[in-house]
Amino acid sequence: MKETLTFAQLSDPHLSTLQGVRWRDLANKRVLGYLSWRRRRRAEHSGEVLEALQRDLARTRPEHLVITGDLTHIGLPDEFRQARRWLETLGGPHEVTVVPGNHDAYIHAPWKHSFSHWQPYMASDGEADTDPEHLFPSLRVRGPVAFIGLSSARPSGPFFATGSLGPEQLGKLARLLDETGRRGLFRVVLIHHPPVPGEEKWRKRLKDARALCKVIGEHGAELVLHGHRHRASESGIEIPGQKVPVFGIPSASSLGHKPGRMAQYYLYRLQPAGDRWKLDISVRGYSPRGHAFAQVHERVVEIPRQTT
Ligand SMILES: [Fe+2]
Ligand SMILES: [Fe+2]
């Protein structure tokens, strides 16, 4: 087995445009989302930043890319098609892993007009045709890493941006964490919403965050990556004798109209180091002056290795 892996996380690109959308396509909550896009989001999320991001990824060349949701604004069929075309410019389904965000499940939409466009990028290895109901948790193994994708994307009422996983997904997650832990893999849990209770506003929270932390606490994981907050955050989930690092990152396309919101993505280099994993983290941020991403800071985290 290959013992090292370089991978990158980006989140919340909100890359689609709603230019030309017809009012008759906007039901209920989508009207509010459309107005918010016109008022604020279309100036905040920039195609120019995403082009710079792509140029930087061509330089840093991660072996795998994970995207933690909110590719769209209001989950319209055309937005799913725009996002699929964008995904194809980043890599094939084997190189890119997607979990959905709340904006992608803005209101209930038929699978074939929505997530079917992204299914190859979300499905577990060798299970591209899985029944949509059973797509998550997904499992993709690349070198020493098990990427375990969760879907917290559920439609919520107007002015709400909550998410939830449900008991079935949590039960399967427990089994996957056990199985991949026994294999000695570095388990990276991917979820759109912040997983630690109390860290997000009530109307934007993951409703079953407590249950998720219990599963991770009992079955273990090495790293949890999320988006949703559009800013950098760091916390941890208690497991016996240690804490699982939890990182949240800003939007990949943001021009940073609010402090701390400028676009970033994280580049990780993982390698074994005796009874530990050594994880080099390079935070790469967008500079409007240079129209380019560059390293903002770098650090190393050591994480205990599962003994097999
Ligand atoms: Fe978002
Ligand atoms: Fe979100």
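Strands and helices here are DSSP runs numbered from the N terminus, with E of at least two residues for strands and H or I of at least four for helices. Two strands pair if DSSP finds at least two bridges between them. In that pairing, valine 145 sits opposite phenylalanine 186 of S6.

Quick caveat: this is a predicted model, so local features need pLDDT of at least 70 and side-chain atom pairs count only at pLDDT 80 or more, while totals for chains, interfaces and linings use all residues. Residues are numbered from 1 along each chain as its sequence is written, with chains lettered from A and ligands numbered from 1 in the order in which they are written.

Zooming out, S5 and S6 belong to an open sheet of six strands with mixed pairing, in the order S4-S5-S6-S7-S9-S8. Strand S4 (138–142) and strand S8 (233–239) each have a single partner strand, so one side of each is left without a neighbour in the sheet. From one strand to the next, the twist averages 25 degrees.

Now the nonpolar core, meaning buried Ala, Val, Leu, Ile, Met, Phe, Trp, Tyr and Cys residues joined through C-beta atoms within 7 Å. Buried is 20 or more other C-beta atoms within 10 Å of a residue's own, exposed is 12 or fewer, and partly exposed is in between, with C-beta atoms placed from the backbone. The largest core has 65 residues, and Ile148, Val188, Val189, Leu190 and Val224 have the most contacts inside it. Take valine 189: leaving out residues up to four places away in sequence, this valine touches Ile148, Leu150, Ile216, Ala221 and Val224. Contact here means C-beta atoms, placed from the backbone, within 7 Å.

And where is glutamate 199 found? Glutamate 199 is in the loop between S6 and H6. This glutamate counts as partly exposed because 17 C-beta neighbours fall inside 10 Å.

Strand S2, residues 64–68, pairs with S3 in the parallel sense over four bridges, and leucine 65 stands opposite valine 96 in S3.

Terms used: Axes are lines fitted to C-alpha atoms, for helices over the stretch in contact, and angles run from 0 to 180 degrees between N-to-C directions. Two residues are in contact if their C-beta atoms, placed from the backbone, lie within 7 Å.
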